[in-house]
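This report describes selected features of the structure shown below.

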Amino acid sequence: MPIDPSYLDRRQQAAVADTEGPVAIISCPGSGKTACLAARVARLLDSGEGQAGILCLTFTNRAAEEMRSRIQSYASLDTDGMWIGTIHSVCGRLLRAYGPSPDFSICDEKESKQIVRELVKAGSYGVRSPLEAAEHISRFKRSTMELDDWCNNMYKNMGYTYAAGFRSVYQAYQNELKVRNALDFDDLILHVYHLFQNEPNVLAAASSCFQYISIDEYQDTSLLETKVIQSLSSVHDNLCVIGDPNQSIYGWRGSVHQLISQFPKNYTGTTVHNLTTNYRSARSIVTAAGNLISRNTPLISTPTRPARGDNGHIIHSRYMDDEKEAEAIVQEIRKLVSDGRNYSDIAILYRIHAAADSLISALRSQAVPITLIREDLPDQEVIDAENGVAEQPDEDNAVRLMTIHQSKGMEFPVVFLIGLEEEVLPHWRSLSNTEHLEEERRLCYVAISRAVDRLYLSSCRSRILHRKSLNLTPSRFVDEMRGR
Ligand SMILES: Nc1ncnc2c1ncn2[C@@H]1O[C@H](COP(=O)(O)OP(=O)(O)OP(=O)(O)O)[C@@H](O)[C@H]1O
Ligand SMILES: [Mg+2]
């Protein structure tokens with residue numbers, strides 16, 4: 001089916017038509033960025049562009065599947081030959097096609113941590129926490145720095161013992177991966193980066209394959225990833241990045257939200273498209289999201305106008321504890337369903353898994369059908385995809401529960417955002433650091449802007465987290481959404 005141009009507004013149409021050279025589509029949630037990406041790709045296919053020359057990067061394999069079916073519904077051709085996937089899965093494929101030893105296995109984040117844990121247990125590296133060591137290893141790999149420089153910095157900031165401990169754990173970890181003939185997730189990207197740097201022929205071959213590259217959720221790419229993407233687009237220069245700096249929520253894993261704002265400076269001749277209409281959410285939800293994000297240091301912001309005339313509903317409730325919260329939510333879900341909603345219209349979002357424990361038990365004991373969307377999807381799915389694991393449980397008619405991180409890019413008619421308490425959202429670790437606090441606010445912004453019609457916010461006076469009962473106050477974000 002050809003794209004119906006009447007569906008897209010004037011700005012969206014301009015973004016879709018602008019297929020050549022560097023392009024940045026930067027705008028607020030629900031403004032149709034992902035819709036434009038799909039329409040651009042469909043347009044390329046319909047204009048006769050070869051499928052194998054089109055690369056489309058999204059954040060999770062689930063998002064990639066959605067993207068594929070969206071493109072499919074717009075384009076008159078099938079999309080089987082197109083490259084659609086996460087940067088990790090695409091780098092894995094590139095290494096198998098062009099790398100010096102293509103028969104490696106992939107070690108997921110859990111396994112990486114386990115290796116570090118065992119090494120720390122077995123040797124005396126002077127390392128305080130295996131988890132911290134694993135995080136440092138990952139951060140180091142994402143940094144593209146030399147080991148000596150990294151350790152020197154560490155020595156200045158953390159002292160000699162810490163830096164020496166890191167170096168020896170890192171080296172033991174790398175040895176272990178070698179013995180297993182395994183690459184961890186960071187290696188997938190890092191090895192492609194090195195391959196392109198050291199083998200100009202490989203770079204030329206790989207980058208000449210991709211005539212058109214599009215990347216959704218670009219605000220959450222890391223510096224290393226953008227370098228790989230830059231190499232991949234070096235021959236044809238048709239690179240379209242799409243995102244919203246206000247929705248950058250992976251700073252803790254090395255994503256750099258400034259990269260999307262800087263894109264036009266880094267790529268001369270970039271055309272920037274700002275979409276200004278929110279087609280997703282009812283007015284009150286657009287207003288609350290706008291109020292909230294205005295408390296952050298302004299990133300490039302585009303004014304947002306809700307397309308919808310209806311106000312929608314935002315309901316904030318305070319409960320004595322998480323059990324009362326669970327009871328009330330189960331009851332409300334029952335009411336929504338008896339009023340005609342499907343379970344699958346409803347999503348429950350939370351900052352941390354532990355905040356949903358009571359609610360999950362209550363939903364299960366009351367036989368409300370639920371699907372728990374798994375944690376660590378962006379990475380775990382690489383392995384699942386490679387092993388042919390069918391990941392999707394039956395989401396057809398179930399309430400979906402997930403962390404806010406997992407919800408990005410999605411939309412639901414009804415959203416429950418639970419755990420709006422200081423120390424939960426914003427997370428306690430972010431409270432003393434402005435940058436971290438701003439990332440928490442962006443997380444909250446992402447969460448509320450998933451809602452189409454109804455948004456339920458809840459705060460508890462006490463909540464059991466990791467078997468401890470905590471007394472809590474409502475999140476500052478609740479007042480901020482009200483413009484207070
Ligand atoms: N011109 C339009 N007219 C009507 N509906 C539209 C239009 N453009 C987009 N939509 C709808 O608006 C919703 C949001 O679109 P989309 O998911 O592409 O937004 P987005 O900018 O990618 O949001 P996010 O930043 O949350 O990823 C979708 O349901 C989409 O079908
Ligand atoms: Mg999107």
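Which residues are buried in α2?

## Basis of the report

This is a predicted model, in which local features need pLDDT of at least 70, side-chain atom pairs count only at pLDDT 80 or more, and totals for chains, interfaces and linings use all residues. Residues are numbered from 1 along each chain as its sequence is written, while chains are lettered from A and ligands numbered from 1 in the order in which they are written.

## Helix α2

In α2, the buried residues are Lys33, Thr34, Cys36, Leu37, Ala38, Ala39, Arg40, Val41, Ala42, Leu44 and Leu45. The helix is thus mostly covered, with 11 of its 14 residues buried. Here, buried means that 20 or more other C-beta atoms, placed from the backbone, lie within 10 Å of the residue's own; exposed means 12 or fewer, and partly exposed lies in between. Helices (H or I, at least four residues) and strands (E, at least two) are DSSP runs, numbered from the N terminus.

Helix α2 comprises residues 33-46 and reaches 20 Å from its first C-alpha to its last, close to the 20 Å expected at 1.5 Å a residue; the expected span is 1.5 Å times one less than the number of residues. The cover over its buried residues includes α1 (10-17), β1 (23-26), β2 (54-57), α3 (61-74), β6 (212-215) and β7 (239-243). Glycine 48, with a positive phi near 100 degrees, follows α2.

## Nonpolar cores

A nonpolar core is a set of buried Ala, Val, Leu, Ile, Met, Phe, Trp, Tyr and Cys residues joined through C-beta atoms within 7 Å. The largest has 59 residues, of which Ile25, Val41, Cys91, Val192 and Val241 touch the most other members. Helix α2 gives the most to this core, with eight residues. Another core, of 51 residues, lies apart from it and includes Ala282, Leu359, Tyr445 and Val452.

## Shell around ligand 1

Ligand 1 is surrounded by 17 residues, the closest being Gly32, Lys33, Thr34, Ala35 and Tyr279; a residue is near if its C-beta atom, placed from the backbone, lies within 6 Å. Helix α2 gives the most to this shell, with three residues.

## Strand β15 and its partners

Strand β15 (residues 412-417) has five of its six residues buried. Four bridges join it to β12 (residues 346-350), in parallel, and alanine 347 stands opposite valine 415. Five bridges join β15 to β16 (residues 451-465), also parallel, where arginine 454 is the bridge partner of valine 414. Strands pair if DSSP finds at least two bridges between them.

Conventions: Two residues are in contact if their C-beta atoms, placed from the backbone, lie within 7 Å.
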